[in-house]
Amino acid sequence: MITTEHQILFCNARKLSKIADKSIDLVVTSPPYPMIQMWDELFKSLSNPIKEALLNGKGNKAFSLMHEELDAVWTEMYRVLKYGAFLCINIGDAVRTIDEKFQLYSNHSRILSFCTKIGFDALPVILWRKQTNAPNKFMGSGMLPAGAYITLEHEFVLVFRKGGKRGFDGPSEKMARQESAYFWEERNKWFSDIWDFKGTTQKLNNDKLRKRSGAFPLELAYRMINMYSVKGDTVLDPFLGTGTTTLAAMAACRNSIGVELDKEFKDMITNQIQNSRSFLNSRISERVASHLTFIEECRAREKSLKYLSAHHGFPVMTRQEINMILYEIQEILMEPKDRIRVSYRKISENNPLPPAETATKVRRSGIAKQQSLGF
Ligand SMILES: C[S@@+](CC[C@H](N)C(=O)[O-])C[C@H]1O[C@@H](n2cnc3c(N)ncnc32)[C@H](O)[C@@H]1O
């Protein structure tokens with residue numbers, strides 16, 4: 001039976017002595033955003049000079065000191081990541097008036113510049129468009145030129161790699177990679193540089209915590225994990241917040257470690273994890289449902305899909321998708337010391353798919369013609 005392990009550490013991510021050098025396969029995270037007011041208290045609690053800079057109206061100084069706090073965590077991420085592993089950071093810029101001066105604080109460019117300085121290679125970034133329809137989103141002089149400001153309606157997902165391309169050596173690593181493939185049509189969507197979905201949809205009960213969680217949607221972490229790691233890898237989030245990255249790693253059959261400074265999040269994280277099975281499984285079934293719709297659309301356009309999934313029996317677009325396996329969560333077990341164990345079963349056992357007998361006709365590494373299924 002396939003299982004994964006998840007661990008939550010409550011400590012400061014600047015120094016992660018419990019995590020060995022070069023032991024992590026992927027980092028997906030979102031730090032507190034410098035110069036966004038909701039994070040002022042946290043940054044002030046980390047450093048007196050930040051408190052003084054904000055108090056004295058020194059915006060650029062505060063910006064720079066806040067980033068120095070984050071720099072320590074990026075340096076630690078460089079230490080714990082394996083060569084060829086990725087660091088994905090969701091970050092938004094800030095606009096703010098300090099000492100009567102309105103200006104942009106470009107968090108994404110500051111992090112890009114620091115991470116490349118410490119040795120990461122920068123790769124193309126994703127613009128995450130967060131739709132907002134609020135009529136009061138515009139700032140400045142309204143309909144009169146020339147003092148109105150552009151509204152920030154996007155955030156970034158910065159993508160870095162430590163060292164060159166990751167190698168997959170030996171048959172078991174190669175097979176893990178193939179089993180972790182995503183659908184062709186998912187590739188077309190996920191690897192576009194503009195993502196367009198709403199902010200967080202997870203249900204958080206505690207109002208006070210919700211306000212200061214800054215949670216990203218499951219979809220963001222789930223995509224990054226599927227794009228940049230394989231099943232059985234270990235994903236780390238040094239700024240865990242409500243635990244979204246842990247949930248996404250659970251859904252994607254990866255192990256994970258989440259680090260959070262604020263112990264007040266503990267009950268919420270545990271609660272979310274314990275109650276996440278059907279929420280996460282619905283995301284996995286949605287992938288299958290979307291793929292079946294895609295097959296229908298191809299049929300309608302008389303476009304043929306040449307290959308068959310060896311494990312699930314439906315047609316797929318490319319040879320690379322043949323051996324992919326989708327698992328659903330069977331059980332989530334809370335263990336001592338903030339550890340969680342998750343077990344899985346192959347999704348076809350629940351049979352939401354076309355008859356599985358067709359899959360047995362396909363050799364694991366073979367190619368099957370879709371006509372044999374009648375698609
Ligand atoms: C933007 S939130 C992360 C939200 C998270 N992605 C989610 O979906 O819930 C940033 C989190 O980092 C935590 N944090 C800030 N500084 C930290 C540090 N040095 N070490 C560990 N956690 C930290 C904050 O308490 C906050 O919960």
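## Overall make-up

The chain contains 12 helices and 16 strands, taken as DSSP runs numbered from the N terminus (helices H or I, at least four residues; strands E, at least two). The model is predicted: local features need pLDDT of at least 70 and side-chain atom pairs count only at pLDDT 80 or more, while totals for chains, interfaces and linings use all residues. Residues are numbered from 1 along each chain as its sequence is written.

Of the chain's 375 residues, 38% are buried (20 or more other C-beta atoms within 10 Å of a residue's own, C-beta atoms being placed from the backbone). Among contacts with a separation of 6 or more, 70% join residues 24 or more positions apart; a contact requires C-beta atoms, placed from the backbone, within 7 Å.

## Helices α2 and α3

Helix α2 (residues 48-55) packs against helix α3 (residues 59-80) at an angle of about 160°, and their axes lie 8 Å apart. Axes are lines fitted to C-alpha atoms over the stretch in contact, with angles from 0 to 180 degrees between N-to-C directions. The two helices are therefore roughly antiparallel (an angle over 145 degrees).

Pro-49, Ile-50, Ala-53 and Leu-54 of α2 meet Lys-61, Ala-62, Leu-65 and Met-66 of α3. By class, this contact has seven nonpolar, no polar and one charged residues. Nonpolar covers Ala, Val, Leu, Ile, Met, Phe, Trp, Tyr, Cys and Pro; charged covers Asp, Glu, Lys and Arg; the others, Gly among them, are polar.

## Ligand surroundings

There are 21 residues around the ligand, of which Gly-214, Ala-215, Phe-239, Gly-241 and Thr-244 come nearest (a residue is near if its C-beta atom, placed from the backbone, lies within 6 Å). The shell has 11 nonpolar, seven polar and three charged residues.

Methods: Parallel < 35°, antiparallel > 145°, perpendicular 65-115°, else oblique. Contact = placed C-beta atoms within 7 Å. Buried ≥ 20, exposed ≤ 12 C-beta atoms within 10 Å, placed from the backbone.
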